[in-house]
Amino acid sequence: MTPIHILLLIGIYFLLLLLISYFTGRNDSNEDFFRAGKSAPWFLVAFGMIGASLSGVTFISVPGSVEATSFSYMQVVFGYLAGYFVIAFVLLPIYYRMNVTSIYEYLEERFGWHSYKLGALSFFISRVLGASFRLFLVAIVLQQFVFDAWGVPFELTVVLSIVLIWVYTFRGGIKTIVWTDTLQTLFMLCSVGLSIYFINQKLGWNLIDFLNSEELRDYNKIWFTSDWNARNHLVKSFLGGMFITICMTGLDQDMMQKNLTCKSLKDARKNMISFSLVLVIVNFLFLLLGALLFIYADAINIGMPIMDGKPRTDLLFPEIALNSGLGLGVAITFLLGLIAAAYSSADSALTSLTTSFCIDFLGMEHLPEPRKKTLRKRTHIGMSLLLIAVVILFKYVLDRNVIDGLLTVATYTYGPLLGLFSFGILTSYKLRDNLVWIVALLVIFSVVGIANLPQDWLGGYQIGYELLPLNGLLTFIGLWLIRIPKTQTVSGK
């Protein structure tokens, strides 16, 4: 498949998104942009959230991780499932009872202005980095397989990617995204299923042959329980996955903004539970695809793709789909899936960052009505420029598997949110609100120090995703130390 064919396919895809944007964004109101008029069908939100949760990181990086970690990622996925049930039965009732636009408004009501701003800032940093990780992944694929052939610099590739997102979200916002996510999820799931089918066909297998093959047994180990010191031990992976979901979905404005478009708490809960169960199956399919990619690469002697002098397992799927002679069907299937996966999370991230910045930092709800729409649109442009800058920066600093990098960043940035929300839900204490910044900074520096301790100091113990619950626990303890005793009035601080 030539670069011009790839660009033509991308162009057709975005014309379809623009058509959806035209019909969903005709009202161009802040209510539709931020909350879709609270009228989105729950099943539509649930299906679309699959694509938004998986993103281009899952689409490429999870299959690419199979060679090094087998199917151990499923231990994290089962932790995700537990986390979604916590969200459905603990967090969603709070958000619906308060009727919030930004979920961090809860922190202002519970503790005060400083806690509110700390929560909003934690999300903002987390989502900028997370969205940039996802956009970086699709940008390097487009660069490697399209724009390098034309001498287009990586920086321009990034600009074009984000401008395309801005074009179809600047009017309809979350109302547009609920519908585009549904289309993008459909493309992504079809891509995975068809890729598995076509590669098996090329190897002379059917699905049953593949599942029973000796080659698959080299990759399909799920449970890792023998070495407590290992990074991927079952307990550490499960707990890490659970808390990552609670934070990256339940305490994340991006994901919760979609849930808050449902008509009622009952609908939002149905959305969350059905979506979480399907997500387990979908993640397993991605791991099966990963094993099949490595089996196929070994069978026809495909070397690991190189970028900037380094082998990149993240690029094995596009290398096989586009350059291994599987045919035009596989290439088109892969590209549609990749584009859908990447942009289904990036577009909602751009919208949620705009929402959070307008509501949480600019106080837009307190401004005169004529200024609100103008401010929203200017902020939307500003968030686009910020994402461009961060994605370009990643090209020069990122040197690890992207899924691992994304989850590692989450262990640091979501800790203050986990601690604040946990303290608010599990206790009835108020806080010395102006001291929460000191607690958060001390905890983050402590966790960074713990994460970088030499393994021999810890008896060979490898620290993994359990840093996130540890971060939350230390924040909780710090908040306990600055609580206001119940016998003390606020004026007696």
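Trainee: Is Lys270 buried, partly exposed or exposed?
Mentor: This is a predicted model, and in it Lys270 has a relative accessible area of 34%. Buried would need a value under 20% and exposed a value over 50%. Because 34% falls in between, Lys270 counts as partly exposed.

Trainee: With which residue do the side chains of Lys270 meet in a salt bridge, and in which helix do both lie?
Mentor: The partner of Lys270 is Asp267, and the N to O distance in this salt bridge is 3.5 Å. Asp267 is buried, with a relative accessible area of 15%. The two residues are three apart, about one turn of the helix, and the element that holds both Asp267 and Lys270 is helix 13.

Trainee: Why are Arg217 and Glu214 separated by about one helical turn?
Mentor: Their side chains meet in a salt bridge with an N to O distance of 2.8 Å. Arg217 is partly exposed at 47% relative accessible area, whereas Glu214 is exposed at 57%. The separation is about one helical turn because Arg217 and Glu214 are three residues apart in helix 10.

Trainee: How many residues apart are Arg127 and Asp252, and are they buried or exposed?
Mentor: Arg127 forms a salt bridge with Asp252, and their closest N and O atoms are 2.7 Å apart. This pair links distant parts of the chain, since Arg127 is in helix 6 and Asp252 is in the loop between helix 11 and helix 12. Relative accessibility is 3% for Arg127 and 0% for Asp252, and both values are under the 20% cut-off, so both residues are buried.

Trainee: Which helix gives the largest share of the nonpolar patch?
Mentor: The patch covers about 530 Å² of surface, and its residues are Phe85, Phe89, Val90, Leu277, Ile425 and Leu426. Val90 is found in helix 4 and is partly exposed at 34% relative accessibility. The largest share, three residues, comes from helix 4.

Trainee: Which backbone oxygen does the side chain of Ser161 reach?
Mentor: Ser161 lies in helix 7, which spans residues 154–169. With a relative accessible area of 5%, Ser161 is buried. At a distance of 3.0 Å, its side chain reaches the backbone oxygen of Thr157.

Terms used
Residues numbered from 1 in each chain as written. Predicted model: local features only at pLDDT ≥ 70, side-chain atom pairs only at ≥ 80, totals over all residues. Heavy atoms only, no water. Helix = DSSP H or I, 4+ residues; strand = E, 2+ residues; numbered from the N terminus. Buried < 20%, exposed > 50% of the residue type's maximum accessible area, 1.4 Å probe, protein only. Polar contact = N/O pair within 3.5 Å; in protein donor to acceptor, adjacent residues only side chain to side chain. Patch = residues over 30% accessible without salt bridge, like charges linked within 9 Å, V, L, I, M, F, W, Y side chains within 5 Å. Areas by Shrake-Rupley, 256 points an atom, 1.4 Å probe, with all protein chains shown as cover. Salt bridge = Lys/Arg side-chain N within 4 Å of Asp/Glu carboxyl O.
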